[in-house]
Amino acid sequence: MPRFSVIVPVFKVQGFLRECLDSVLGQSYADFEVIAVDDCSPDGCGAILDEYAERDPRVRVLHLPENVGLGRARNAGMPYATGDFLFFLDSDDTLTPGALRAIADRLEEARDPDVLVFDYARTYWWGGTRRNVLARVLAEASVGTFTAVERPEILELLMVVWNKVYRRDYVTEHGFRFPPGYYEDTPWTFPVLLGARRIAALDRICVHYRQRRQGNILSTTSRKHFDIHDQYERVFAHVDAHPELARWRPYLHRKMGEHCLDILAKPDRLPPSDKGEFFRRTAELFRRHRTPTPVPAELRVLEGSYARYLTRRRAAAAGSVLDRRARGARKAAVKRVKRGWSWAHERRPLDPNLALYSAFSHRGVLGDPAAIHRAARDLAPHIRGVWVVRRDQVEQLPPGIEYVLPDSLEYRRLAARATYFVNNVNWPRVLAKRPGSVHVHTHQGTPLKYMGADLLGKPGARQGVDVPGMLRRADRWDYSLVANRHSELVWDRAYPCRFASARTGSPRNDVLVNAKPDDGAAFRLRHSIPEGHTVVLYAPTRRDHVRGGHVERFDLARFAEDLGEGHTLVVRLHPSLAKGPARGMGLAELHRRGVLVDATDWPRVEEVMLASDALVTDYSALMFDYANLDRPIVVHADDWGAYTASRGAYFDIAAGAPGHVSRSYRELTWLFASGSWQDTEAAELRSGFRDRFCEFDDGRAAERVVRTLMLGEPDTPISIPLPATAGDDEVPAHA
């Protein structure tokens, strides 16, 4: 008996069917059967299904003699299911890699609940991806089991059948079936969730929900959308037949009203001539099932006429236009006030003891600017340091940090008077460069991929990037900090501006150069990493040729398992991926279950590096910093060709790597299983890499910046001319 029966109803999806089936059959968890129901599809779907069934015994195909619709096609497949759990997957959607393994693990942990609800992401026809906006509901409910009474917010999730798996015995015991017509998921999902005694949640994206440009049933203009009324009648009939569910009538009454009004408001659902009839039938249904509970304000329109509904809709639309115009006028007025405020303060002299700091677009006290700020507090306490920080990051600030919100009047006042500006991202365009001010640009690491003006030849990588505007803002730099001559040459070409190169080293790397054996102990203790474990840090970078930037190179759970006993896998995503679907592709759930440690949100990446014993990365600039620790580095370069074609690179990382290079997952696991990741050859490669890219990192970079660029001490030069050796005056060759 398999663990899962994956039931796939199929109708007119020949362009997507192979991708759907491949996503199931390619899962690392193989204990499942596929029951594909050909709903008398007029295209080539039937032949595709027979082809898959012939080559994979886990696939069984049912060819229906006539088209019965999505719900009844699912019904047709259920009697043939033998798995412990039923999984209804639409044939134009796909499973994410590792989804079945994650679901199986969560079911085992929850001791086979009646229903398991998991997350999904919408994938658009033009390539975009957007995670479920209510993902937090799953995160909050991801421990233990519950009922709908205990967590009613679970009913606010999308009322569809494919974001859940169902214990087959539970479905059989209650005789749950799909009705005919559109919106067939509604009279299935509400009864199933309301009657379940044990529901579990999985905070992981397991399904990519395809948003088709055309051909989606629910986006078809048709009278079939009137089926929603019959489907809610079935829901209320189920509640009437089960008195213990009577408490849910007010909630279902409200949901029905909201759902129907949402359909009515959609421009592409109902023929215009039928909208009045749809409203009247909705109002009749709303009155018939009304409860003593007060009607919410937004639903009171159903107590009036269709003409009144239209009047309110038109008024709301007109109000929205006026609101937008008013907001635009207010913004313009605020800008005029701020410009006047700034101009007034720019007429006053600079404050020689005021420094303004920012990092990663105002995300907090981080990176090189943070290291310089700490050194300035000790070496130049008379210089007042103020951080520009976004409102949503204020609570994360360390104690004693003086801050100002970006684009506030106080920020404008300080920016007009400050002498020192320290940032690893360009300051915004509105910031004027006053004579006598000192702008120190720290960058975000040693460059491997193309940056600045070099992006002009890479249209995919520069999408949404105003390169000329970037260079105009870079014209304000006075000093560009570098840790090696490679960076110095790259920045000279990538940013053809009027700055001096300061060979200070990278201030954030001082803690790595000066590291002590127990410096990572706090991070290990915080994440309950067993003493004596070998900690492997995996830090992938983003892919510019993929919309959203994230590509899962391999199964993280499998890698954690393949590392073996005595190892802990720590994962840190690129900061640009921290809030996107990448976290929902299993990382958050694996962290909760203790399979690995998700360190993406850990504020100081230096602490994560100090806590690790080895680094696995693809093309992240983190490797250049990590090399200061003189610990093993493995470069996983399985898509180097595609990466360089889309983004460009200043040198071939495979030829100049800081350790062994793997070209496949098999090679990666072999390096760790064989011990080669830390052999003599790896040490030799790392030594050469450190000599080249950690050239100016000596543990005193932050001190050097403060003494030379802020205090003006003459003993340490701020810029060292390049020695007249062959090749040093050339920009690094393109890979």
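Helix 8 and helix 10 are roughly parallel to each other, a category that covers angles under 35 degrees, whereas angles over 145 count as roughly antiparallel, 65 to 115 as roughly perpendicular and the rest as oblique. The axes of helix 8 (residues 227-241) and helix 10 (residues 275-288) come within 10 Å and cross at roughly 10°; axes here are lines fitted to C-alpha atoms, for helices over the stretch in contact, with angles running from 0 to 180 degrees between N-to-C directions. On the helix 8 side, the contact (heavy atoms within 4.5 Å) is made by I228, H229, D230, Y232 and E233, and on the helix 10 side by F278, R281, T282, L285 and R288. By class, this contact of helix 8 with helix 10 has four nonpolar, two polar and four charged residues. For these classes, Ala, Val, Leu, Ile, Met, Phe, Trp, Tyr, Cys and Pro count as nonpolar, Asp, Glu, Lys and Arg as charged, and the others, Gly among them, as polar.

The model is a predicted one, in which local features need pLDDT of at least 70 and side-chain atom pairs count only at pLDDT 80 or more, while totals for chains, interfaces and linings use all residues. Residues are numbered from 1 along each chain as its sequence is written, and side-chain values use heavy atoms, with hydrogens and water left out. Helices (H or I, at least four residues) and strands (E, at least two) are DSSP runs, numbered from the N terminus.

Turning to the strands, an open sheet of seven is arranged in the order 12-11-10-13-14-15-16, with parallel pairing. Its edges are strand 12 (403-404) and strand 16 (500-502), each of which pairs on one side only; two strands pair if DSSP finds at least two bridges between them. Strand 15 and strand 16 are joined in the parallel sense over three bridges, and Y479 has A500 of strand 16 as its bridge partner.

The whole structure holds 53 salt bridges, each defined as a side-chain nitrogen of Lys or Arg within 4 Å of a carboxyl oxygen of Asp or Glu. In one of them, R593 meets D105 at 2.8 Å, N to O. R593 lies in the loop between helix 19 (587-592) and strand 19 (597-598) and D105 in helix 4 (residues 99-109), so this pair ties together parts that are 488 residues apart in sequence. R593 is partly exposed at 23% relative accessibility, whereas D105 is buried at 19%; buried means under 20% relative accessible area, exposed over 50% and partly exposed in between (1.4 Å probe, protein chains only).

Another salt bridge links K433 with D478, with 3.3 Å between the closest N and O atoms. K433 sits in the loop between strand 13 (418-423) and strand 14 (438-441), and D478 in the loop between helix 14 (467-474) and strand 15 (479-481), so parts 45 residues apart in sequence are tied together. K433 is partly exposed at 31% relative accessibility, and D478 is partly exposed at 24%.

D639 and R553 also form a salt bridge, their closest N and O atoms being 3.5 Å apart. D639 is buried at 8% relative accessibility, while R553 is partly exposed at 22%. Both belong to a network of salt bridges linking R543, R553, D618, D638 and D639.
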